[in-house]
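Please look through the following notes alongside the sequence and the 3D view.

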Amino acid sequence: MLSFNVRGENIEVTDAIRSYVEKKISKLEKYFDDSATATAHVNLKVYSDKTAKVEVTIPLPYLVLRAEEISPDMYGSVDLVTDKLERQIRKFKTKINRKSRERGIKGMELTVPEAEALPEESMQVVRTKRVSLKPMDSEEAILQMNMLGHEFFIFEDSETNGTSIVYKRQDGRYGLIETDE
């Protein structure tokens, strides 16, 4: 079951907006099993040029869903974000189902750690995140990285049992860094 944390920046989150957000994003619950509980973090922003930005992050034990959308209409942005999240879920489930059929794996669990790049000007640590690495292959790690919109992703390689990093190269292809352990 999803619970909601709806915040507004430069906008008051009215009951109408809150109920619309909850109604739309609750439709995603059909993709989760009944035991899944998560908090949907929704951030609503209104800019001076009258555009509205909606950001939604739903951290799950095996996946972090994240989408954002900017449009002239707040309700339209909520609709577009919900559509993006639904596409991410379907893409993820299709990928995992294909992988499990190929390998004969029955309950594949994935954790998606988040990482943020530090600014080049400063060597000061401004945020620390603790991540739990679960085994996956590099292809699954690339899928997770793309779903998060990050440039790199840290994971435990299921073949070598070592910590590895996939990253997006400037030419649009992907690189893999493996550690010696």
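1. A salt bridge here is a side-chain nitrogen of Lys or Arg within 4 Å of a carboxyl oxygen of Asp or Glu. Under that rule, Lys-45, Lys-53, Glu-55, Arg-66 and Glu-68 are joined in a network of salt bridges, and the search of the whole structure finds eleven salt bridges.

2. On the basis of the note: this is a predicted model, in which local features need pLDDT of at least 70 and side-chain atom pairs count only at pLDDT 80 or more, while totals for chains, interfaces and linings use all residues. Residues are numbered from 1 along each chain as its sequence is written, and side-chain values use heavy atoms, with hydrogens and water left out.

3. The protein chain has three helices and eight strands, taken as DSSP runs numbered from the N terminus (helices H or I, at least four residues; strands E, at least two). Along the sequence they follow the pattern β-α-β-β-β-α-β-α-β-β-β.

4. Of the 181 residues in the protein chain, 39% are buried, where buried means under 20% relative accessible area, exposed over 50%, and partly exposed in between, with a 1.4 Å probe and protein chains only.

5. Which residue forms a salt bridge with Lys-24? The partner is Asp-79, and the closest N and O atoms are 3.5 Å apart. Because Asp-79 lies in helix H2 (residues 74–103) and Lys-24 in helix H1 (residues 15–26), the pair ties together parts that are 55 residues apart in sequence. Asp-79 itself counts as partly exposed, at 26% relative accessibility.

6. Glu-86 takes part in a salt bridge with Lys-30, whose closest N and O atoms are 3.9 Å apart. This pair links distant parts of the chain, with Lys-30 in the loop between H1 and strand S2 (38–46) and Glu-86 in helix H2, 56 residues apart. Lys-30 is exposed at 62% relative accessibility, whereas Glu-86 is buried at 18%.

7. Glu-86 also forms a salt bridge with Arg-90, at 3.4 Å between the closest N and O atoms. The two are four residues apart in helix H2, so about one helical turn separates them; Arg-90 is partly exposed, with a relative accessible area of 42%.

8. The search of the whole structure finds one cavity of 30 Å³ or more, a cavity being a set of points on a 1 Å grid over the protein atoms alone where a 1.4 Å probe fits but cannot get out. The largest cavity holds about 40 Å³ of space, and its lining residues, which have an atom within 4 Å of a point, are Phe-32, Leu-60, Tyr-62, Leu-63, Ile-89, Phe-92 and Lys-93.

Terms used:
1 Å grid on protein atoms, 1.4 Å probe; cavity = no way out; pocket = protein on both sides within 12 Å on 5 of 7 lines; lining within 4 Å. Points joined across faces, edges and corners; volume = space filled by probe spheres on them.
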